[in-house]
Amino acid sequence: YSFCTLLLLLVMNHLPLLILAICTTAVNAVIISNTQPRLDTEGQILNAHDGNILLMDGIYYWYSIGYGDCLENPGCSKSSVNNSCGFMFNHTVTLYTSKDLSSGSWVNHGNVLPVENRPFGIMFASSVVFNPHTNLYVLWANYLPETRATMEKRYFAATSVSRFGPFNVVNPHVNLTRSPEGDSKIFIDDDGQGYIVYTSIQPGGHLVAIEKLLPDFVHSQGDSTPLNPSGCMEAPSIFIDRQSKQYFTLASECCCYCSEGADVEVYTSDSILGNYTHRGSINPKKEIPAQQTYILPVNTSSGFQYIWIGDRWSSAPDHLKSHDFTYWGVLNWTGQGSNRTLMTMSFTDQFSLDLIQ
């Protein structure tokens with residue numbers, strides 16, 4: 001007999017329905033591969049980068065930047081002629097959904113932000129959340145105007161009544177306190193307050209800041225805090241560690257579509273706009289040849305785990321930027337209490353997740 005069957009037999013005359021409810025919790029064992037491309041339900045390679053994943057009603061929603069079928073040589077260039085696949089005007093916000101994150105399970109729902117609904121420019125780093133105050137889905141993206149001038153980078157914010165879009169831009173130029181801006185993620189705290197963690201492009205480097213949003217999630221309240229006083233950091237993401245109750249903000253070193261990957265710096269604080277402490281880095285030798293894009297919390301049979309997701313630029317065997325791989329890996333921990341922090345990552349070909357759904 002299984003544990004649940006024996007338990008039912010023991011308490012059959014007392015609380016069978018309660019035990020049955022506990023024992024019928026679905027546990028789904030999923031294999032995540034980092035050596036094979038992730039596929040949709042039609043067998044096509046996912047065109048998913050720079051985005052975030054939400055779990056809603058038992059379904060994972062992956063909002064991501066889609067790149068056109070552009071052949072690219074390795075490296076970064078803002079030229080309109082050579083090595084320019086990352087700087088085209090045809091980027092989309094593509095939505096994929098899956099019940100279990102496995103390759104072959106992702107349903108392609110296409111572009112949720114029509115080109116005619118957004119400012120003209122080169123779009124990067126989309127981030128989508130559900131706003132509990134307005135009951136709207138909110139999408140932010142960073143974009144570079146037609147001039148391609150880095151110091152003119154900005155954000156727009158869009159909303160939709162449906163998680164499937166279409167989204168419509170309601171704020172074409174969000175004013176933040178530390179502009180101009182680069183990569184970002186929207187974060188909702190446990191009390192429903194919204195924040196943006198973003199790259200602030202300054203003459204002295206690319207800094208990371210966290211800023212409080214108004215209840216509509218499409219305007220800034222103005223309160224912000226910086227993380228790193230110097231250096232060049234981008235692609236930040238933030239989450240709460242439930243054990244230590246600390247805010248963890250992770251940011252990648254600057255890596256403009258680089259194929260070698262980037263180190264990841266770790267900062268922690270007891271409050272989201274508090275003073276952050278630098279806790280070291282977790283990819284110092286670039287054993288993971290990827291740049292951070294998102295950290296996905298998942299509920300497993302072992303408790304909550306956090307999946308680090310990074311873009312492996314210039315990794316596609318057919319050299320199409322749209323087919324570049326992503327790397328997924330479970331973050332591992334060391335220490336207790338306020339000393340709890342993340343361990344250095346190491347490359348793994350594949351791993352399993354026992355997802356509770």
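This is a predicted model: local features need pLDDT of at least 70, side-chain atom pairs count only at pLDDT 80 or more; totals for chains, interfaces and linings use all residues.
I looked up Leu 101 and found it in the loop between strand 4 (92-98) and strand 5 (107-111), where strands are DSSP runs of E with at least two residues and helices are runs of H or I with at least four, numbered from the N terminus. Leu 101 has a positive phi of about 75° although it is not a glycine, and I noted that it is buried, with a relative accessible area of 3%. Buried means under 20% relative accessible area, exposed over 50% and partly exposed in between, with a 1.4 Å probe and protein chains only. I also listed His 319, which is not a glycine either and has a positive phi of about 65°; His 319 sits in the loop between strand 19 and strand 20 (325-330).

Residues are numbered from 1 along each chain as its sequence is written, and side-chain values use heavy atoms, with hydrogens and water left out.

I noted two helices and 23 strands as the secondary structure of the protein, and 53% of its 357 residues count as buried.

My search term was a side-chain nitrogen of Lys or Arg within 4 Å of a carboxyl oxygen of Asp or Glu, and the whole structure gave five salt bridges. In one of them Asp 57 pairs with Arg 163, with the closest N and O atoms 3.2 Å apart. Asp 57 lies in the loop between strand 2 (49-56) and strand 3 (59-66), and Arg 163 in the loop between strand 8 (154-160) and strand 9 (168-171), so this pair ties together parts that are 106 residues apart in sequence. Asp 57 counts as exposed at 69% relative accessibility, whereas Arg 163 counts as buried at 16%. I then looked up Arg 340 and Asp 241, whose side chains meet in a salt bridge at 2.7 Å, N to O, and both residues are buried. Lys 321 and Asp 324 form a salt bridge as well, at 3.8 Å from N to O, and here too Lys 321 and Asp 324 are buried.

I found a cis peptide bond between Gly 165 and Pro 166, with omega about 0°, and Pro 166 is in the loop between strand 8 and strand 9. Another cis peptide bond joins Ser 179 and Pro 180, with omega about -5°; Pro 180 lies in the loop between strand 9 and strand 10.

A pocket here is an open set of points on a 1 Å grid over the protein atoms alone, with protein on both sides within 12 Å along at least five of seven lines, and lining residues have an atom within 4 Å of a point. Grid points are joined across faces, edges and corners, and a volume is the space filled by probe spheres set on the points. I read a volume of about 800 Å³ for the largest pocket, which is lined by 27 residues, with Leu 54, Phe 187, Ile 188, Tyr 294 and Pro 297 nearest its centre. Strand 18 gives the largest share of this lining, six residues.

How values were computed. On a 1 Å grid over the protein atoms alone, a cavity is a set of points where a 1.4 Å probe fits but cannot get out, and a pocket is an open set with protein on both sides within 12 Å along at least five of seven lines; lining residues have an atom within 4 Å of a point.
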